[in-house]
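Try each one before reading its solution.

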Amino acid sequence: MEKPYLVVIHGPNLNRLGVRKPETYGTQTLDDVISLVRSVADGYGLDVLDKQSNHEGDLIDFLQLHGPGAAGILINPGAFGHYSYAIRDCLEDIARPTVEVHISNVHQREPFRHQLVLGDVVMGQVVGLGTEGYRYAADALCRRYRKDAAQLR
C-alpha cells in the first residue's frame, strides 16, 4: 500500500520567496516552506508531493495527475487565486479536501487582490499569517485525513 500524501501547489513567483518583497512575504524560502509542511505531514504519517510553477497549465497537469489520490491539497495559487477559473474548475473536478493559503493578507492590499476565485471549492483559506499559515493548513488537512480514515475502519 502506498503512503498517503498531501499535494502542495505553489503558483507564480513563489519560487522567489525569501528574495521577493521580504517585507510582504517574509524571508523564508520555498524550500523552507516545503520543509515546514513536510514536518507537519510526517507527524501524521503522510508524504508530500510539491510543485511550483509560473505556468497555469503545469499546475493543472500536476493536480490532475496527483490530486485524485491525495489525502488533501494545500495550494498557494499566488496571483492565479484572483482569476484562474481553470485551476478552480480543476480543484472542483478533483474534489479533494483543499486549503488555500496566501502569505500576505490579500484583503489589505490592492483591490484586485480582494477577490479569491477558489473560495467555493476549498474547505478553507488561510490568509495573512505569513508562512506560518502553511502549518495551520497542513495540520487541518492531516487532521481531516485522519478523521476520514478512522471513519472508514
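**Exercise 1.** Is Cys142 buried or exposed in this predicted model, and how many disulfides are there?

*Solution.* Start with the cut-off: buried means under 20% relative accessible area. Cys142 comes out at 0%, so Cys142 is buried. Cys90 sits at 6%, so Cys90 counts as buried too. Next, look for pairs of cysteine sulfur atoms within 2.5 Å. The count is zero disulfides.

**Exercise 2.** Work out what span helix α2 (residues 30-43) should have, and say which of its residues are buried.

*Solution.* Now the burial: Leu30, Val33, Ile34, Leu36, Val37, Val40 and Ala41 are the buried ones. Down the helix axis they fall within an arc of 155°, so they line one face of α2. Over on the other side, Asp31 and Gly43 are exposed. The cover over the buried residues includes β1 (5-10), β2 (47-52), β3 (72-76) and α5 (132-152). Just past the helix, Gly45 has a positive phi of about 80°.

**Exercise 3.** Find which element gives the largest share of the largest nonpolar core.

*Solution.* This core has 25 residues, and Leu6, Leu17, Val37, Leu74, Val101 and Tyr134 touch the most other members. Two or more residues come from each of β1, α2, β4 (98-102) and α5. The largest share, seven residues, belongs to α2. Tyr134 shows the packing: beyond its sequence neighbours within four places, its contacts include Val33, Leu36 and Val37. A second, separate core has 19 residues, among them Tyr5, Ile9, Ile60 and Leu63.

Note on methods
Residues are numbered from 1 along each chain as its sequence is written. This is a predicted model: local features need pLDDT of at least 70, side-chain atom pairs count only at pLDDT 80 or more; totals for chains, interfaces and linings use all residues. Side-chain values use heavy atoms; hydrogens and water are left out. Helices (H or I, at least four residues) and strands (E, at least two) are DSSP runs, numbered from the N terminus. The expected span of a helix is 1.5 Å times one less than its number of residues. Buried means under 20% relative accessible area, exposed over 50%, partly exposed in between (1.4 Å probe, protein chains only). The arc is that of the directions from the helix axis to the C-beta atoms. Contact means heavy atoms within 4.5 Å. A nonpolar core is a set of buried Ala, Val, Leu, Ile, Met, Phe, Trp, Tyr and Cys residues joined through side-chain atoms within 4.5 Å.
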